[in-house]
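Look at the sequence and the structure first.

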Amino acid sequence: LGGALITTQAHRSHALTHTHHPRKIALFGGSFDPVHSGHMAVARAADRRFHFDELHFIPSGRPPHKQRYELAPYAHRFAMTGLACADHPHFIPSLAEAGSDLSGRQVFYSIDTVRHFRHIYNHRGDKLFFILGADSFLEIATWREYEALLNTCDFIVASRPGFRTDALRLVIPPELLARPKEGEPLDSHAIHLRRSTVHLLDTVSSHVSATEVRKRLDRGQSVHGLVPLRVEEYISKQALYR
């Protein structure tokens with residue numbers, strides 16, 4: 001399966017070298033342990049707004065930030081991500097952080113993953129978007145080469161209704177911000193940087209969390225509706241999180 005997907009991605013990358021129309025590519029990373037309905041709600045909301053050509057779901061290998069629990073094996077997390085993407089033609093499960101041996105044991109930093117995709121999608125007009133939650137963006141100053149990351153792609157920050165861009169602006173170095181045009185009002189849903197833009201996606205109201213899903217499974221409770229149906233079936237058949 002892994003080899004086939006790598007081959008498919010390689011063929012896609014090769015094909016892109018023969019096309020020149022600008023493409024919108026979204027990167028959505030996470031532990032996806034498991035991928036749940038909240039993740040899918042964010043992806044669909046972002047896709048409705050920005051009309052991506054491809055949205056890559058990237059299960060993390062070994063996240064660089066401290067984990068309080070042992071992740072499910074990478075193979076299971078990738079399989080569940082693939083099942084969640086199955087009904088969406090341009091949602092793509094990505095092996096970008098699987099590592100050379102596909103074990104998912106390597107540490108990957110977001111800046112390196114974004115540079116990997118930037119190398120693939122490098123035609124004039126191609127645009128990369130990095131999707132993450134507001135809580136994660138507020139900690140971006142702790143990420144490796146975060147200033148370079150902010151300059152490398154646009155960000156889509158998902159939050160519940162009522163969240164304001166003022167909080168996001170506080171964690172962005174002032175020197176990266178674009179100068180506002182005289183008399184132009186501030187955009188309540190975007191922060192314009194010199195080389196990129198941070199977009200606020202405040203239409204997502206899902207309260208599902210992977211932690212709650214795992215707790216319910218551990219207690220033998222149903223997670224119907226909290227995860228995609230195919231993911232629910234996979235978890236049951238593989239007896240995960242018990």
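Q: Which residues does Thr113 touch, leaving out those up to four places away in sequence?
A: This is a predicted model, in which local features need pLDDT of at least 70, side-chain atom pairs count only at pLDDT 80 or more, and totals for chains, interfaces and linings use all residues. Residues are numbered from 1 along each chain as its sequence is written, and side-chain values use heavy atoms, with hydrogens and water left out. Contact means heavy atoms within 4.5 Å. On that basis, Thr113 touches Ile58, Ala96, Glu97 and Phe108.

Q: Where is Thr113 found?
A: Helices are DSSP runs of H or I with at least four residues, strands are runs of E with at least two, and both are numbered from the N terminus. By that count, Thr113 is found in helix H4, residues 110–120.

Q: Is Thr113 buried or exposed?
A: Buried means under 20% relative accessible area, exposed over 50%, and partly exposed in between, with a 1.4 Å probe and protein chains only. The relative accessible area of Thr113 is 5%, so Thr113 is buried.

Q: Which side chain does a polar contact join to that of Thr113?
A: A polar contact is a pair of N or O atoms within 3.5 Å; within protein, one must be able to donate a hydrogen and the other to accept it, and residues adjacent in sequence count only if both atoms are side-chain atoms. Here the contact is 2.7 Å, and the partner of Thr113 is Glu97.

Q: How many residues of strand S2 are buried?
A: S2 spans residues 54–59 and is mostly covered. Glu54, His56 and Ile58 point one way, Leu55, Phe57 and Pro59 the other, and all are buried.

Q: Which residue of S2 is the bridge partner of Ile25?
A: Two strands pair if DSSP finds at least two bridges between them. Six bridges join strand S1 (residues 24–30) to S2, and the two run parallel. In S2, the partner of Ile25 is Glu54.

Q: Which residue in S3 stands opposite Phe57?
A: Three bridges join S2 to strand S3 (residues 91–93), and these strands run parallel. Opposite Phe57 stands Pro93.

Q: Why are the buried residues of helix H9 on the same side?
A: In H9 (residues 229–238), the buried residues are Val231, Glu232, Tyr234 and Ile235. They lie on the same side because they cover an arc, taken from the directions from the helix axis to the C-beta atoms, of only 165 degrees.
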